[in-house]
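These are my notebook entries on one protein model. I record what I looked up, entry by entry.

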Amino acid sequence: MRTRNAALVGALCVGLSAALTACGGAAAEDPDAGTNGVGKLEAPAIQDKARAAARGAEAVHLSGNVVSQGRTYRIDMRLKKNGGMGRVSSSSDASAFELLRVGDELYLKAPAGFWAKGASPSASAAPAPKASASKSGDAAAAAGKLDDKYVKVPSDDPSYQQFKGFTDKDVLLDGLLGLHGELARGERGSVGGVRTVRVTGAKGGGGTLDVSLVGTPYPLRVQRAGGAGQLELDGWGKDFALAVPAKSQTVDYGKQLRIPSGG
């Protein structure tokens, strides 16, 4: 009888193993088994780990949407410690431009339509006006000369710091990864097939951050507060070529670069 009872208990343990947390003293499966352990930390510590990992990485690829002043911008940038490169576009008016920074040298590349919105080239960039040419014709001619060329942004121009911010890895990531309000540890999930733990700010209203549970705790996805966009981060530590463009592809805009107001 005892043998039959033992066999019955054993069969029940096997049949109900999916539903029972323990049977015969067996421990429940650890959800953090095989992870880097950050899922066990409190939310502020998880965010700190992610930001430290981001600062320590040599390079990253960042892509997604950012909403600002009612307009949605698509960002696709590759960043590393000494510069970055990529593209920024607006879905509302199909305007787009590319940025390239190598050290302190910053370049902006855009089609003629971007510059035709109101750019005012200096004499070094614009062709000499003809007596019969209209003002709009001169602007179109100047914009045509800048079409698809790398325009060097002077370091003392007001737009320099604004555009440099898109190519500065630490500055850009520090701004994006900062959640608002009281932080809370959220659910587990995955980004690109990688297991993550989510941190939320102010009950989700302050933004959310998905942090990798595998290897280095890199941030893999950030949803900005107030529905201001979502960006994904990958390619951590993967280097890429970064070089000053050839002179044949570069235009010297002069001492001041006047960016079109719609750009």
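**Entry 1: Arg-185**

Which residues does Arg-185 touch, not counting residues up to four places away in sequence? I found Gly-39, Lys-40, Leu-41, Glu-42, Ala-43, Ile-46, Val-197 and Arg-198; a contact means heavy atoms within 4.5 Å. Before going further, I note that this is a predicted model, in which local features need pLDDT of at least 70 and side-chain atom pairs count only at pLDDT 80 or more, while totals for chains, interfaces and linings use all residues. Residues are numbered from 1 along each chain as its sequence is written, and side-chain values use heavy atoms, with hydrogens and water left out.

I placed Arg-185 in strand 7, residues 183-191. Helices (H or I, at least four residues) and strands (E, at least two) are DSSP runs, numbered from the N terminus. I then looked up two polar contacts of its side chain. The side chain of Arg-185 reaches the backbone oxygen of Lys-40 at 3.2 Å, and a polar atom of that side chain lies 2.8 Å from the backbone oxygen of Leu-41. A polar contact is a pair of N or O atoms within 3.5 Å; within protein, one must be able to donate a hydrogen and the other to accept it, and residues adjacent in sequence count only if both atoms are side-chain atoms.

I also checked Ala-45, which is 140 residues from Arg-185 along the chain; their C-alpha atoms are separated by 9.9 Å. Arg-185 counts as partly exposed, at 41% relative accessibility. Buried means under 20% relative accessible area, exposed over 50%, and partly exposed in between (1.4 Å probe, protein chains only).

**Entry 2: The whole protein**

I counted six helices and twelve strands. Of the 263 residues, 38% are buried. Among contacts with a separation of 6 or more, 57% are between residues 24 or more positions apart. The protein exposes about 14,300 Å², of which carbon and sulfur atoms supply 52%; accessible areas come from the Shrake-Rupley method with a 1.4 Å probe, and for residues only the protein chains shown count as cover.

**Entry 3: Helix 6 and the cores**

Which residues of helix 6 are buried? I listed Lys-169, Leu-172, Leu-173, Leu-176 and Leu-177. They cover an arc of only 115 degrees around the axis, which puts them on the same side of helix 6; the arc is that of the directions from the helix axis to the C-beta atoms. An α-helix has 3.6 residues a turn, so residues three or four places apart point the same way. On the other side of helix 6, I found Val-171 and Gly-175 exposed. At the start of this helix, a side-chain oxygen of Asp-168 reaches to within 3.4 Å of the backbone nitrogen of Asp-170.

I followed Leu-173 further. Leaving out residues up to four places away in sequence, Leu-173 touches Ala-54, Val-60, Leu-62, Leu-233 and Trp-236. The largest nonpolar core has 44 residues, and Leu-173 is among those with the most contacts inside it, together with Leu-62, Phe-97, Leu-108, Trp-115 and Trp-236. A second, separate core of seven residues includes Val-102, Tyr-150, Phe-240 and Leu-242. A nonpolar core is a set of buried Ala, Val, Leu, Ile, Met, Phe, Trp, Tyr and Cys residues joined through side-chain atoms within 4.5 Å.

**Entry 4: Helix 5**

In helix 5 (residues 158-167), I found Ser-159, Tyr-160, Phe-163, Lys-164, Gly-165 and Thr-167 buried. The buried residues of helix 5 pack against strands 2, 3, 4 and 5, and against helix 6.

**Entry 5: Salt bridges**

How many salt bridges does a search of the whole structure find? The search finds eight; a salt bridge is a side-chain nitrogen of Lys or Arg within 4 Å of a carboxyl oxygen of Asp or Glu. I looked up three of them.

- The side chains of Asp-174 and Arg-55 meet at 3.4 Å, N to O. Asp-174 is in helix 6 and Arg-55 in helix 2, 119 residues apart.
- Lys-152 and Glu-105 meet at 3.7 Å, N to O. Lys-152 lies in strand 6 and Glu-105 in strand 5, so this pair ties together parts that are 47 residues apart in sequence.
- Lys-109 pairs with Asp-148, with the closest N and O atoms 3.7 Å apart. Lys-109 is in strand 5, and Asp-148 is in the loop between helix 4 and strand 6. Lys-109 counts as buried at 14% relative accessibility, whereas Asp-148 is partly exposed at 45%.
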